[in-house]
Structure formats: C-alpha cells, structure tokens
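Reader: I would like to learn how to read a structure of this kind, one feature at a time. Could you give me the general idea for each feature and then turn to the case at hand?

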Amino acid sequence: MPGRGSAPRAGKALQQKVVELAKSLGLKAETEVTAARRIWGSKRHIDVVLTQAQTRKKLGIECKAQAEGGTAEEKVFATIQDIESWPIPGIVVIEEESYSDSVKGCLISTGKVVLFDDLEDWLRLFF
C-alpha cells in the first residue's frame, strides 16, 4: 500500500516540529504521554503534552501528517472524537500540504484542528 511506511515518519517529524516550537515559546513539551485507555482496552497515548510552567495549564496535541494521499484524513475525524475523552484540552495539528483543500477546510472548521503554520499564534492565545 503506497505511503504506509512514510506516514509514521511524517507524523514523527511533525511531532518534533511541534516540540521545537513549544520549547521556543517557553513551554514544557512531553511526548507519547499515557492518558488512560481506549474503549477496547489499549493504552491511549497523546503525541505531545504542553505545559505552561507558571499556571500549569496543559494542552494535548495529536500530530497527523501524511507524505502522500492516504487514510490520515479519515483518521483525523476519529482523533477529534477521541480528544473528548482526554483529561485535558486537546487539538490536532496538521501540515497544510498533507491534506486536500476540501477536507482541510472541514477539519479546521471543527475548531479542534490547527495547521502547523498557524500553531504559534494559536498557542500564544491559548497560554
């Protein structure tokens, strides 16, 4: 299946970009944070959890990227639902070029999906 091996690498690369941005803003960034279990019993991991030191305010971030057309677009909708069961607020970060325009617009309209290029402004408002 095309793109299968590149999807995890693209997601990890995006995760690293989010961590670097967060640190440049003075936020603590932890990766692969365990947050209870999913409905079928597997452990839930949040890609990145950011913490603002003074207020201890937290934000979970799932990083969804794909190197070429694939199923990541479909998985983002399930991830948005999964965020509702987290013990902290959360968003999904995507790379603009990874998604079709129609799906990208739909995802962003949920208020739970942020383009990486817009993430710095979003984080400055949140924290």
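Author: Let us begin with burial, where a residue counts as buried under 20% relative accessible area, as exposed over 50%, and as partly exposed in between, using a 1.4 Å probe and protein chains only. By that scale Arg124 is exposed, since its relative accessible area is 53%, whereas Ile80 is buried at 11%. This is a predicted model, in which local features need pLDDT of at least 70 and side-chain atom pairs count only at pLDDT 80 or more, while totals for chains, interfaces and linings use all residues. Residues are numbered from 1 along each chain as its sequence is written, and side-chain values use heavy atoms, with hydrogens and water left out.

Reader: What share of the residues in the protein chain is buried?

Author: Of the 127 residues, 43% are buried.

Reader: How many helices and strands does the chain have, and in what order do they run?

Author: Helices (H or I, at least four residues) and strands (E, at least two) are taken as DSSP runs and numbered from the N terminus. Here there are four helices and five strands, and from the N terminus on they follow the order α-β-β-β-α-β-α-β-α. Contact means heavy atoms within 4.5 Å, and among contacts between residues at least 6 apart in sequence, 53% join residues at least 24 apart.

Reader: Which residues have the most contacts inside the largest nonpolar core?

Author: In soluble globular proteins, nonpolar side chains tend to be buried together. A nonpolar core is a set of buried Ala, Val, Leu, Ile, Met, Phe, Trp, Tyr and Cys residues joined through side-chain atoms within 4.5 Å. The largest one in this model has 21 residues, and those with the most contacts inside it are Val18, Val48, Leu50, Ile61, Val93 and Leu119. At least two residues of this core come from each of α1 (6-24), β2 (43-51), β3 (58-64), β4 (90-94) and α4 (116-126), with α1 giving the most, namely six. Apart from this core lies another, of 15 residues, among them Ile83, Ile88, Tyr99 and Leu115.

Reader: With which residues is Ile80 in contact, once its neighbours within four places in sequence are left aside?

Author: Ile80, which lies in helix α2 (residues 72-83), is then in contact with Val92, Leu107, Thr110, Lys112 and Val113. The C-alpha atoms of Ile80 and Ile91, eleven residues apart along the chain, are separated by 7.5 Å.

Reader: How many aromatic pairs does a search of the whole structure find?

Author: Rings of Phe, Tyr and Trp (its six-membered ring) pair if their centres lie within 6.5 Å, and planes under 30 degrees apart count as stacked, over 60 as edge-to-face and the rest as tilted. The search finds two pairs. In one, the ring centres of Trp122 and Phe126 are 5.4 Å apart with planes at 15°, so this pair is stacked; the two residues, four apart in helix α4, are separated by about one helical turn. Trp122 counts as partly exposed at 25% relative accessibility, while Phe126 counts as buried at 18%. The rings of Phe126 and Phe127 have centres 4.9 Å apart and planes at 85°, which makes that pair edge-to-face, and Trp122, Phe126 and Phe127 form one aromatic cluster.

Reader: Which lysine lies over the face of Phe126?

Author: A charge sits over a ring if NZ of Lys or CZ of Arg is within 6 Å of the ring centre and within 35 degrees of the ring normal. Lys57 lies over the face of Phe126, at 4.1 Å from the ring centre, and Lys17 lies over that of Phe116, at 4.5 Å.

Reader: How many salt bridges are there by the rule used here?

Author: Side chains of opposite charge can pair when their charged atoms come close. A salt bridge is a side-chain nitrogen of Lys or Arg within 4 Å of a carboxyl oxygen of Asp or Glu, and the count comes to eight. One of them joins Lys12 and Glu32, whose closest N and O atoms are 3.0 Å apart; because Lys12 lies in helix α1 and Glu32 in strand β1 (residues 28-37), this pair ties together parts that are 20 residues apart in sequence. Another links Glu120 with Arg124, at 2.8 Å between the closest N and O atoms.
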